Amino acid sequence: LVAGAVHEARRRRYEFGRAAAERLLADLAAGRLDLADRQAQRDVRVAIGRLRRLMVETDDVPAPLLHELRSCADQAERHGVEVELVPVIGFLPPLAAPHRRALVEPVIQVLACAATHARVTVVASWGEVVVGAVGDGVLPHIPTPDGAAPDGLASNVEVGWEQDGDRVWAQARWTAASR
């Protein structure tokens with residue numbers, strides 16, 4: 001039962017990523033997607049970021065959240081964005097994949113719209129993990145929690161957004177469920 005549930009969750013996430021990539025490729029092939037358009041570039045970067053995060057989420061590493069953030073930062077750096085990934089402040093507790101997904105999604109959004117530089121920080125303790133990202137970009141709209149991540153936002157992750165001129169900031173906060 002557990003293996004079946006894990007397989008089904010992974011299949012749903014893969015289908016979400018595949019559908020987004022398929023839509024973008026179909027639009028490109030039909031001439032409806034102009035890669036010179038900033039919004040099109042952002043959409044492509046978000047899709048790539050989500051697929052890369054999905055690919056590394058099952059890697060056996062000591063700090064999966066940091067591994068996923070590094071993967072997203074690498075993707076942004078390939079597009080010319082200088083990303084400063086600040087070392088974790090505090091103790092990083094083990095997090096389930098849905099919580100990591102919800103924490104990383106705002107980072108993907110910020111990195112996708114960053115023009116030249118971004119900074120990602122993680123502050124953690126036993127009962128709380130806060131991931132923040134700031135970049136020199138403009139979000140076309142503030143993402144809503146129900147559309148933020150493939151499986152929806154984990155119930156104990158809150159996300160805040162702020163746009164100030166050409167700077168965008170996002171913060172995701174996971175808090176341990178009360179006992």
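Begin by selecting glutamate 8, which is partly exposed at a relative accessible area of 31%. Here buried means under 20% relative accessible area, exposed means over 50%, and partly exposed lies in between, with a 1.4 Å probe and protein chains only. The model is predicted: local features need pLDDT of at least 70, side-chain atom pairs count only at pLDDT 80 or more, and totals for chains, interfaces and linings use all residues. Residues are numbered from 1 along each chain as its sequence is written, and side-chain values use heavy atoms, with hydrogens and water left out.

**Stop 1: helix H1**

The side chains of glutamate 8 and arginine 11 form a salt bridge at 2.5 Å, N to O. A salt bridge is a side-chain nitrogen of Lys or Arg within 4 Å of a carboxyl oxygen of Asp or Glu, and the count by this rule is twelve. Both residues belong to helix H1 (residues 2-29), three residues apart, about one turn of the helix. Helices (H or I, at least four residues) and strands (E, at least two) are DSSP runs, numbered from the N terminus. Arginine 11 is partly exposed, at 37% relative accessibility.

Next select leucine 28, also found in helix H1. Leucine 28 is partly exposed, with a relative accessible area of 38%. Leaving aside residues up to four places away in sequence, leucine 28 touches Leu33 and Leu35; contact means heavy atoms within 4.5 Å.

Select aspartate 27 and arginine 32. Is aspartate 27 buried or exposed? At 18% relative accessibility, aspartate 27 counts as buried, whereas arginine 32 is exposed at 58%. Their side chains meet in a salt bridge of 2.8 Å, N to O.

**Stop 2: helix H2 against helix H4**

Two packed helices are described by the angle between their axes and the distance between the axes. Display helix H2 (residues 38-56) with helix H4 (residues 97-113): the axes come within 8 Å and cross at roughly 145 degrees. Axes are lines fitted to C-alpha atoms, for helices over the stretch in contact, and angles run from 0 to 180 degrees between N-to-C directions. The crossing of H2 with H4 is right-handed, the near helix being turned clockwise from the far one by less than a right angle.

Show the side chains at this contact. From H2 come Arg38, Arg42, Arg45, Val46, Gly49, Arg50 and Arg53, and they meet Arg101, Val104, Glu105, Ile108, Gln109, Ala112 and Cys113 of H4. These residues divide into seven charged, five nonpolar and two polar. In this scheme Ala, Val, Leu, Ile, Met, Phe, Trp, Tyr, Cys and Pro count as nonpolar, Asp, Glu, Lys and Arg as charged, and the others, Gly among them, as polar.

**Stop 3: helix H3**

Move to serine 71, placed in helix H3. Serine 71 is buried, at 6% relative accessibility. Which residues does serine 71 touch, not counting residues up to four places away in sequence? They are Arg52, Arg53 and Val56.

Then select arginine 70 and aspartate 74, which form a salt bridge with the closest N and O atoms 3.0 Å apart. Both lie in helix H3 (residues 64-78), four residues apart, about one turn of the helix. Aspartate 74 is partly exposed at 28% relative accessibility, and arginine 70 is partly exposed at 30%.

**Stop 4: proline 106**

Return to helix H4 and select proline 106. Proline 106 is buried, with a relative accessible area of 4%. Apart from residues up to four places away in sequence, proline 106 touches Val159, Trp161, Ala170 and Ala172. The C-alpha atoms of proline 106 and tryptophan 169 are separated by 9.0 Å, and the two are 63 residues apart along the chain.

**Stop 5: the aromatic pair**

The structure holds one aromatic pair. Select phenylalanine 91 and tryptophan 126: the ring centres are 4.2 Å apart and the planes stand at 35 degrees, so the pair is tilted. Rings of Phe, Tyr and Trp (its six-membered ring) pair if their centres lie within 6.5 Å; planes under 30 degrees apart count as stacked, over 60 as edge-to-face and the rest as tilted. Phenylalanine 91 lies in the loop between strand E2 (89-90) and H4, and tryptophan 126 in the loop between strand E3 (117-125) and strand E4 (128-135). Phenylalanine 91 is partly exposed at 39%, whereas tryptophan 126 is exposed at 63%.
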